Amino acid sequence: MPDHPIKVLIAKPGLDGHDRGAKVLARGLRDEGFEVVYTGLRQTPEMIATAALQEDVDVVGLSILSGAHMTLLPRICKLLRDEGLDDVLITAGGIIPDDDIPALKEAGIAEVFGPGTTIREVADYLRANANPRD
Amino acid sequence: MGEPGPEPAARGRELAEGALAGDRRATARLLTAIENRTPVAEAALRILYPQAGQAHIVGITGPPGSGKSTLVSALIANVREAGRPVAVIAVDPSSPITGGALLGDRVRMQAHAGDRDVFIRSMAARGHAGGLAAATGAAAAVLDACGFDLILIETVGTGQSEVEVAAAADTTVVLEAPEMGDEVQAIKAGLLEVADIVVVNKGDRPGAQRTAAQLRAMLVAIAPRPGDGDERPRPKRPEVLLTTASTSVGVPELLAVLDRHRPTDHDSGSAAARLARAEAQVWAIAGDRVRAQLHDDRHREATEATLRAVADHELDPYAAADRLLGDVQ
């Protein structure tokens, strides 16, 4: 139902202490009218999957700058699928080389937002592609 | 309004039965339906409400940054040590400008994310004043029916008068940080009057002992004792505790006090609290229903005409309200 805010989980998987980008995005999406759940740093894939399930989010946004994206992101996609959250839109952002993007999309990441992406671009993408809950 | 249609009723039954069987996804979906006030939520609640009423609902409130989320996390750890399941509803404010919200209470609670018997749900207030979301009470009833025997409701950061949590909870904990002010702050009317327990958190900070002593002097010593034959409504007589939530100091003691406050069937105080909660819930739903009916296709035009008449000062607001109430069934 479009009259309810879209709910987004912003999470930072793995051992990466840089959360400025995630916080700026969380704040920016708030200003775009989203309900944003922020879970903080150093999240395991299991923590992220549990939070997505309990919060019943429409979107999971993963911020990762550590280089471990090829290990962590497919694992998160699999856990979400295993929990039955296969209608949740999963996106990623951070430092992710272009060469890795096709494999990530294959694994279940719908879109990868690199440096220089504006908040408005992310917000428009999420509005166009999230499946709202009942 | 009235009965939900056949399709939402079937979906509501499906979600309610799933939630009762321990399917956490069904519980989560149901909480979303409740936040969005859909007919599915109503159908499910009709099934679940009779199953609820067993849980101890604890409200945790206090100023922003006083340590509510950290205290909730420390309470979860202590409750889980005893093997009991626990649910949390954590409310954060919605933007009055964009409707968006940043729900950040989970940051302090993520240590428990792997535990199936801990269910944490963030909730945006969505324009509801008073420190809670409109859906908080119904959400607590769902978690109660699902078998969580302790439900912690964390309010938005509050100031002096957001007392709604006291009606939603069996037991109300008001947090204060050290150096919250002088003794005059402690004798002002409002939030501190509805506290069953006052917790001075950040107990390792300078001034914490002094703050606790001031609160004890002002809240406890001169509060009327229960059972002295005077039946007038009166402020509660809270216990004042000192905690350091970040290291769990004082938290086992708080949990023991909370467990002593667990409502019993033969306790007149908790019966009154439950009646107040029922009243708040039913009035809110009745208000919603009246509004919805006055805006349906049959009434919209007449309703708008009446409102315009008040705006133009052709009709006074009391007569307008009477007229609108006469229009609903």
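**Group meeting: the contact between chain A and chain B**

Across the interface of chain A and chain B, the rule finds six salt bridges. Before going further: this is a predicted model.

By class, the side of chain A that touches chain B has 11 nonpolar, eight polar and 11 charged residues.

Now the totals. Chain A brings 30 residues to the contact and chain B brings 29 residues. Between them the two chains bury about 2,500 Å², with 48% of that on carbon and sulfur atoms. As for polar contacts, the count between chain A and chain B is 19 residue pairs, both residues being at pLDDT 80 or more.

S2(A) is joined to strand S3 of chain B, residues 101-103, by three bridges, and the two strands run parallel. Which residue of S3(B) is the bridge partner of A:Val36? The partner is B:Leu102.

Back to the salt bridges, with individual pairs. B:Arg25 forms one with A:Asp87, where the closest N and O atoms are 3.5 Å apart. Another has A:Asp56 and B:Arg29 as partners, also given as 3.5 Å, N to O. A:Asp56 lies in the loop between H2 and strand S3 (59-64) of chain A, while B:Arg29 lies in helix H2 (residues 24-35) of chain B, so the pair joins two chains. Are these two residues buried or exposed? A:Asp56 has 2% relative accessibility and counts as buried. B:Arg29 is buried too, with a relative accessible area of 11%.

Then there is a network. Salt bridges link A:Lys7, A:Glu55, B:Glu35, B:Arg106 and B:Arg121.

Over all chains, the same rule brings the count to 32 salt bridges. I picked two pairs that sit within a chain.

The pair in chain A is A:Asp31 with A:Arg30, with the closest N and O atoms 3.0 Å apart. A:Asp31 is partly exposed, at a relative accessible area of 32%. A:Arg30 is partly exposed as well, at 27% relative accessibility.

The pair in chain B is B:Arg289 with B:Glu42, whose side chains meet at 2.7 Å, N to O. B:Arg289 counts as partly exposed, at 25% relative accessibility. B:Glu42 is buried, at 18%.

Last item: helix H5 of chain B, residues 136-145. Nine of its 10 residues are buried, so this helix is largely enclosed by the rest of the structure. Among the buried ones are B:Ala138, B:Ala139, B:Ala140 and B:Ala141, together with B:Val142, B:Leu143 and B:Asp144. Just after H5(B), B:Gly147 takes a positive phi of about 100 degrees.

To close, the place to look at on screen is the pair A:Asp56 and B:Arg29, a salt bridge whose residues lie in chain A and chain B.

Conventions:
Residues numbered from 1 in each chain as written. Chains lettered and ligands numbered in written order. Predicted model: local features only at pLDDT ≥ 70, side-chain atom pairs only at ≥ 80, totals over all residues. Heavy atoms only, no water. Contact = heavy atoms within 4.5 Å. Buried area = accessible area lost by both parts, 1.4 Å probe. Salt bridge = Lys/Arg side-chain N within 4 Å of Asp/Glu carboxyl O. Polar contact = N/O pair within 3.5 Å; in protein donor to acceptor, adjacent residues only side chain to side chain. Nonpolar A, V, L, I, M, F, W, Y, C, P; charged D, E, K, R; others polar. Pairing = 2+ DSSP bridges. Helix = DSSP H or I, 4+ residues; strand = E, 2+ residues; numbered from the N terminus. Buried < 20%, exposed > 50% of the residue type's maximum accessible area, 1.4 Å probe, protein only.
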